[in-house]
Amino acid sequence: MENGRAHTLTVLFILTCALGYVTLLEETPQDTAYNTKRGIVASILVFLCFGVTQAKDGPFSRPHPAYWRFWLCVSVVYELFLIFILFQTVQDGRKFMKYIDPHLGVPLPERDYGGNCLIYDPGNETDPFHNIWDKLDGFVPAHFFGWYLKTLMIRDWWMCMIISVMFEFLEYSLEHQLPNFSECWWDHWIMDVILCNGLGIYCGMKTLSWLSLKTYKWQGLWNIPTYKGKMKRIVFQFTPYSWVKFEWKPASSLRRWLAVCGIIFVFLLAELNTFYLKFVLWMPPEHYLVLLRLVFFVNVGGVAMREIYDFMDDPKFHKKLGQQAWLVAAITATEFLIVVKYDPYTLTLSLPFYITQCWILGIILVLTWTAWRFFIRDITLRYKEIRRQKQEHRHEKDKCLSNGDRHSALLEEPNGNRPRERKL
């Protein structure tokens with residue numbers, strides 16, 4: 001490992017020298033914006049090369065530890081970029097996005113997926129199912145593959161379904177802020193929850209089942225005699241080195257229950273940030289930056305979930321929460337702060353009264369169940385156990401007393417009969 005890092009540091013030194021040599025040979029353009037972009041990109045590349053060699057290894061080792069160190073460094077770069085955007089004015093922040101893509105920085109209309117919610121429209125004789133075809137856009141496969149990968153991260157069917165259903169409730173609650181959240185009822189529950197999300201979760205659970213039953217016995221590539229075996233070994237290099245089944249057990253203790261609730265909250269907030277960020281920074285949904293952000297969270301989210309589970313499941317060995325988990329939490333919080341700063345008016349639009357009542361009722365039910373499960377129930381069980389022990393102790397005492405009286409009666413009976421025997 002040390003030799004490999006030494007070789008990589010040599011490559012880093014050569015890369016830095018090559019970049020400096022190129023800048024000395026070429027004539028520097030008299031374009032400040034171009035030179036700034038080029039300098040920032042070169043600085044990021046050098047930092048990534050350094051981080052890949054020197055950063056701390058995470059819990060994953062396949063396909064290679066350097067791959068996960070790379071995404072850890074990308075997390076640092078992305079967090080620094082978010083901090084930079086956070087400290088700009090709204091106008092300058094949106095204008096800065098033009099340096100990344102000249103087509104950005106222009107206000108975009110939000111698409112409303114609601115409106116006519118008829119599944120079968122008899123008024124349209126040419127295509128009565130036009131409402132369904134209109135909703136079948138590129139986000140349908142994105143929903144499926146997104147939830148397939150999220151299932152591989154969370155590794156729990158109940159948690160995935162709760163997050164999926166909760167996000168649909170959030171869309172209902174926040175459609176007065178973002179028109180993009182306005183959808184038909186069948187788009188929410190049939191297309192999203194059942195078909196796209198549900199099918200993605202089902203396929204993800206089947207993949208998890210296959211990975212848990214797979215035999216993890218690795219052999220060196222050059223020790224495999226056949227070409228078919230070598231190709232199979234190369235493909236399996238992209239599968240886990242070993243398998244850990246996640247058993248969250250949220251009701252086992254108050255600590256695990258609060259941790260699971262926190263995980264669900266961060267997941268939902270990261271999902272909402274996707275829509276609010278593109279709304280406040282004027283990015284179209286199909287822009288490549290939106291896709292790159294999702295690819296980024298797919299890679300760092302899996303590592304973060306493993307670090308959280310290790311910290312919860314074995315706190316004696318994992319005394320501190322992993323570095324990637326902290327970075328994901330910081331990135332999610334910074335994205336939310338950008339949304340709050342760039343468009344506080346949208347976020348402060350008051351919820352409809354019936355929505356507020358539903359959320360208050362839901363929060364009260366969750367708090368009531370938490371208090372009953374981890375406080376009232378424990379006190380009740382402890383009281384019943386003490387009462388049972390007292391009853392058993394009393395029963396044993398009465399039994400001892402009854403046995404003692406009978407024994408004394410038997411002892412006194414011969415003494416009482418002796419005078420009678422003498423008289424006889």
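Which helix is Ala66 found in? Ala66 is found in helix α3. The legends below begin with the whole chain and return to this residue in the second view.

This is a predicted model, in which local features need pLDDT of at least 70, side-chain atom pairs count only at pLDDT 80 or more, and totals for chains, interfaces and linings use all residues. Residues are numbered from 1 along each chain as its sequence is written, and side-chain values use heavy atoms, with hydrogens and water left out.

**View 1. The overall fold has 14 helices and 0 strands.** Helices (H or I, at least four residues) and strands (E, at least two) are DSSP runs, numbered from the N terminus. Read along the sequence, the pattern is α-α-α-α-α-α-α-α-α-α-α-α-α-α. The protein has 424 residues, and 33% of them are buried. Buried means under 20% relative accessible area, exposed means over 50%, and partly exposed lies in between (1.4 Å probe, protein chains only). Take the contacts between residues at least 6 apart in sequence: 71% join residues at least 24 apart. Contact means heavy atoms within 4.5 Å.

**View 2. Helix α2 (residues 32-54) crosses helix α3 (residues 65-86).** Their axes come within 8 Å and cross at roughly 135 degrees. Axes are lines fitted to C-alpha atoms, for helices over the stretch in contact, and angles run from 0 to 180 degrees between N-to-C directions. The two helices are therefore oblique to each other. Angles under 35 degrees count as roughly parallel, over 145 as roughly antiparallel, 65 to 115 as roughly perpendicular and the rest as oblique. α2 passes α3 in a right-handed crossing. A crossing is right-handed if the near helix is turned clockwise from the far one by less than a right angle, and left-handed if anticlockwise. From α2, the contact uses Ile44, Phe47, Leu48, Gly51, Val52 and Thr53; from α3, it uses Ala66, Arg69, Phe70, Cys73, Val74, Val76 and Val77. By class, the contact of α2 with α3 has 10 nonpolar, 2 polar and 1 charged residues. Ala, Val, Leu, Ile, Met, Phe, Trp, Tyr, Cys and Pro count as nonpolar, Asp, Glu, Lys and Arg as charged, and the others, Gly among them, as polar. Ala66 counts as buried, at 19% relative accessibility. The C-alpha atoms of Ala66 and Thr53 are separated by 7.2 Å, although the residues are 13 apart along the chain.

**View 3. Phe81 sits in helix α3.** Is Phe81 buried or partly exposed? At 27% relative accessibility, Phe81 counts as partly exposed. Leaving aside neighbours within four places in sequence, Phe81 is in contact with Phe96, Met97 and Ile100.

**View 4. Helices α6 and α8 form a right-handed crossing.** The axes of α6 and α8 come within 7 Å and cross at roughly 40 degrees. That makes α6 oblique to α8. On the α6 side, the residues are Val140, His143, Phe144, Trp147, Tyr148, Thr151 and Leu152. They meet α8 residues including Met191, Asp192, Cys196, Gly200 and Leu208. The contact of α6 with α8 divides into 12 nonpolar, 6 polar and 1 charged residues.

**View 5. Thr151 lies in helix α6.** Thr151 is buried, with a relative accessible area of 0%. Not counting residues up to four places away in sequence, Thr151 touches Cys160, Gly200, Ile201, Gly204, Met205 and Leu208.

**View 6. Helices α11 and α12 form a left-handed crossing.** Their axes come within 7 Å and cross at roughly 130 degrees. α11 and α12 are therefore oblique to each other. Arg293, Phe296, Phe297, Val300, Val303, Ala304, Glu307 and Ile308 in α11 meet Gln323, Gln324, Ala325, Val328, Ile331, Thr332 and Glu335 in α12. The residues of this contact comprise 9 nonpolar, 3 polar and 3 charged.

**View 7. The largest nonpolar core has 57 residues.** Such a core is a set of buried Ala, Val, Leu, Ile, Met, Phe, Trp, Tyr and Cys residues joined through side-chain atoms within 4.5 Å. Ile154, Phe181, Trp248 and Phe296 have the most contacts inside the core. Helices that each supply at least two of its residues include α3, α4 (90-100), α7 (157-174) and α12 (323-342). The largest share, 11 residues, comes from α10. Leaving aside neighbours within four places in sequence, Phe296 is in contact with Trp71, Val74, Ser75, Tyr78 and Ile331.
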